[in-house]
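Please look through this structure with me. My notes follow it.

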Amino acid sequence: MSIKAIVLAAATVAVTASAASADSYFMFSDRLDDSSIAELGTVRAEGAGVVEIYDYTRGEAGALLGAKSVNAGANSNVRINLGKPPSQDVIAILKVDGQVVAERQYEVDRF
């Protein structure tokens with residue numbers, strides 16, 4: 001095997017490994033306004049997926065309040081219509097290929 005082939009193979013492995021180990025997370029704070037629109041800011045997803053917002057009472061996810069599709073990579077200004085302001089705190093769950101890859105609990109600021 002030539003040196004060029006070895007370098008090319010190593011570069012391919014490095015790119016594949018970094019893509020496979022990409023993290024998924026919510027970059028915004030852990031507080032949301034008392035609004036029918038949940039503004040999550042930037043959401044980083046390791047693949048195309050969906051963010052789901054659930055009622056979060058007594059440490060358990062309850063009713064689904066809203067959802068939005070996201071693309072692989074950084075998704076800025078992610079806003080999810082909840083229909084009405086949530087009555088309790090909420091939890092956002094990011095799923096890629098049906099698997100939960102990130103979640104964040106949000107305290108809703110009630111005015």
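1. Ground rules. This is a predicted model, in which local features need pLDDT of at least 70, side-chain atom pairs count only at pLDDT 80 or more, and totals for chains, interfaces and linings use all residues. Residues are numbered from 1 along each chain as its sequence is written, and side-chain values use heavy atoms, leaving out hydrogens and water.

2. Confidence. pLDDT is the predictor's confidence in each residue, from 0 to 100. Its mean for the protein is 83. 79% of the residues reach 70 or more. Strand β7 (residues 90-96) has the highest mean, 96. Helix α1 (residues 3-20) has the lowest, 42. Helices (H or I, at least four residues) and strands (E, at least two) are DSSP runs, numbered from the N terminus.

3. Over residues 4-21, pLDDT stays under 50. The model has 1 contact (heavy atoms within 4.5 Å) beyond four places in sequence for them. Where pLDDT is low, the predicted coordinates should not be read in detail.

4. The core. A nonpolar core is a set of buried Ala, Val, Leu, Ile, Met, Phe, Trp, Tyr and Cys residues joined through side-chain atoms within 4.5 Å. The largest one has 18 residues. F26, L40, V51 and L94 touch the most other members. β3 (37-45), β4 (49-57), β6 (73-81), β7 and β8 (99-109) each give two or more residues. β3 gives the most, with 4.

Notes:
Buried means under 20% relative accessible area, exposed over 50%, partly exposed in between (1.4 Å probe, protein chains only).
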